[in-house]
Amino acid sequence: GTTSRIAAHTALGIQYFLDGDLQRAGESWEYAQSLSGPGARFMDPVLCHCLANAALADGNAKRAREIAEEALMSCLEIGARLGAIEAAVALSTALRAIMGVGGAQRIEEVLAMAERLIAETGARNLMPFVLVERAELAELRGETSQRESHLRRALEAFTQMGATGRAMRLGKEI
C-alpha cells in the first residue's frame, strides 16, 4: 500500500544519500513525498529533513533553507517535535552558509528551540548535532575555545551513543 511505498522510497533515498548519489536520493524522496496525501503525511517531516540535507550536500543552501524553514513550521504545527529538531539543525546549517555571522541571531534562536525540544522530548541522541552546529556558530563568531568545548561535548555524546563514524570524524577535527 501507500504507506509501505512511502517508507520504502524514503529508505531507498537514505541509502542513495549515504552512497553519495544525491540526484537519486532527491528523486526517491520527492517521489515518496508525492505519495503523501491525506492520511499519509506521517513521513513528511522526515522527507523534508532529508531533502534539506540533500540540498545542503549539493551546495544549494538557498533551497535547503526554504525546505528546512517549511519543515520546521510544519513540524511545529502538527507537533512533530523530533522532526522539528532535525529541521532546525538543517536550517542552522543553511543559514550559516547563506548569511554567515550575519545570521547569528536567527541561528541562535533556531538552536535554542532545538535544545528546548530535546529537553521536552528526551531525544538526547539529537543533542550532538545541535552541539556541532553551536561549534560552527562559535567559529563564525571567532570564539575558538567555545567552539572546541562544543565539539568535545558532541564527541563525547557521539561516542556514548555508539556513532563511531561521527566520533572518528569529529575527533580528527578537534
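Predicted model: local features only at pLDDT ≥ 70, side-chain atom pairs only at ≥ 80, totals over all residues.
Two aromatic pairs are counted in the structure. A pair of aromatic rings is described by the distance of the centres and the angle of the planes. In one of the pairs, the ring centres of phenylalanine 17 and tryptophan 29 are separated by 5.8 Å and the planes meet at 45°, so this pair is classed as tilted. Because phenylalanine 17 belongs to helix H1 (residues 2-18) and tryptophan 29 to helix H2 (residues 22-35), the pair ties together parts that lie 12 residues apart in sequence. With a relative accessibility of 27%, phenylalanine 17 is partly exposed, whereas tryptophan 29, at 2%, is buried. The other pair is formed by phenylalanine 129 and phenylalanine 158, whose ring centres are 5.2 Å apart and whose planes stand at 80°, so that the arrangement is edge-to-face. Here phenylalanine 129 comes from helix H7 (residues 127-141) and phenylalanine 158 from helix H8 (residues 144-161), and the pair therefore ties together parts that are 29 residues apart in sequence. Phenylalanine 129 has a relative accessible area of 27% and is partly exposed, while phenylalanine 158 is buried at 2% relative accessibility.

The helix that carries tryptophan 29, H2, consists of 14 residues and spans 20 Å from its first C-alpha to its last, which is close to the 20 Å expected at 1.5 Å a residue.

Helix H8, which contains phenylalanine 158, has 18 residues and reaches 26 Å between its first and last C-alpha, close to the 26 Å expected at 1.5 Å a residue. Its buried residues are Arg147, His150, Leu151, Ala154, Ala157 and Phe158. When H8 is viewed down its axis, these buried residues fall within an arc of 125°, so they line one face of the helix. Ser145 and Gln160, on the other side of H8, are exposed. The buried residues of H8 are covered by elements that include H7 and helix H9 (164-173). Just beyond the end of H8, glycine 162 adopts a positive phi of about 85°.

With regard to the cysteines, the structure holds zero disulfides. The cysteine sulfur closest to that of cysteine 48 belongs to cysteine 75, and because the two atoms are 7.1 Å apart, they are too far from each other for a bond, for which they would have to lie within 2.5 Å. Cysteine 50 likewise takes part in no disulfide, the nearest cysteine sulfur being that of cysteine 48 at 9.3 Å. Cysteine 48 is buried, with a relative accessibility of 10%, and cysteine 50 is buried with a relative accessible area of 8%.

When residues up to four places away in sequence are not counted, glutamate 108 touches Arg134, Leu137 and Arg141. Glutamate 108 and glutamate 133 are 25 residues apart in sequence, and their C-alpha atoms are 9.6 Å apart in space.

Notes:
Residues numbered from 1 in each chain as written. Heavy atoms only, no water. Buried < 20%, exposed > 50% of the residue type's maximum accessible area, 1.4 Å probe, protein only. Phe/Tyr/Trp six-rings, centres within 6.5 Å; stacked < 30°, edge-to-face > 60°. Helix = DSSP H or I, 4+ residues; strand = E, 2+ residues; numbered from the N terminus. Expected span 1.5 Å × (residues − 1). Arc of directions from axis to C-beta. Contact = heavy atoms within 4.5 Å.
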